[in-house]
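Trainee: I would like to go through this model step by step. Where do we begin?

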Amino acid sequence: MFEKLAEIICNYVEVEQGDIHPESRFMEDLGFTSFDFMSMLGELEDEFDVEIDQQEVSDIRTVQEAVDYLQKLSAE
């Protein structure tokens, strides 16, 4: 799931997939804006067939936190 998320991240910000790490922070390290992040969430919902709770994702800061959250949703 990490690899797929990293691939999607590259659609939104100018970063090499190899430069994305589990501890990478969306805003500080990868250069996401709030709009980029919200746009990506819509794609993640389609890609992983999950429904993302906007309140819950407001606490997500790193790529690993996003992976954990998506895995939790996929398991439900």
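Mentor: We begin with a definition: a residue is buried under 20% relative accessible area, exposed over 50%, and partly exposed in between. Keep in mind that this is a predicted model.

Trainee: Is Lys4 buried, exposed or partly exposed?

Mentor: Lys4 is found in helix α1. The relative accessible area of Lys4 is 27%. Values from 20% to 50% fall between the two cut-offs, so Lys4 is partly exposed.

Trainee: Which residues does Lys4 touch, not counting those up to four places away in sequence?

Mentor: Contact here means heavy atoms within 4.5 Å. Leaving out residues up to four places away in sequence, Lys4 touches Glu47 and Phe48.

Trainee: What is the handedness of the crossing, and what kinds of residue make up the contact?

Mentor: The crossing of α1 and α2 is right-handed. From α1, the residues Lys4, Leu5, Ile8 and Ile9 meet Met40, Glu43, Leu44, Glu47 and Phe48 of α2. Sorted by type, the residues of this contact are 6 nonpolar, no polar and 3 charged.

Trainee: How many aromatic pairs does the structure hold?

Mentor: Rings pair if their centres lie within 6.5 Å. By that rule the structure holds 3 aromatic pairs.

Trainee: What type of pair do Phe26 and Phe32 form?

Mentor: Their ring centres are 5.3 Å apart and the ring planes stand at 90 degrees. Planes over 60 degrees apart count as edge-to-face, so the pair of Phe26 and Phe32 is edge-to-face.

Trainee: What type of pair do Phe32 and Phe37 form?

Mentor: The centres of these two rings are 6.3 Å apart, and their planes are at 80 degrees. With the cut-off at 60 degrees, the pair of Phe32 and Phe37 is therefore edge-to-face.

Trainee: Which residues do ring pairs link into a cluster, and is Phe37 buried or exposed?

Mentor: Ring pairs link Phe26, Phe32 and Phe37 into a cluster. Both Phe26 and Phe32 are buried, with Phe32 at 5% relative accessibility. Phe37 has 8% relative accessibility, so Phe37 counts as buried.

Technical notes. Residues numbered from 1 in each chain as written. Predicted model: local features only at pLDDT ≥ 70, side-chain atom pairs only at ≥ 80, totals over all residues. Heavy atoms only, no water. Left-handed = near helix turned anticlockwise from the far one by under 90°. Helix = DSSP H or I, 4+ residues; strand = E, 2+ residues; numbered from the N terminus. Nonpolar A, V, L, I, M, F, W, Y, C, P; charged D, E, K, R; others polar. Phe/Tyr/Trp six-rings, centres within 6.5 Å; stacked < 30°, edge-to-face > 60°. Buried < 20%, exposed > 50% of the residue type's maximum accessible area, 1.4 Å probe, protein only.
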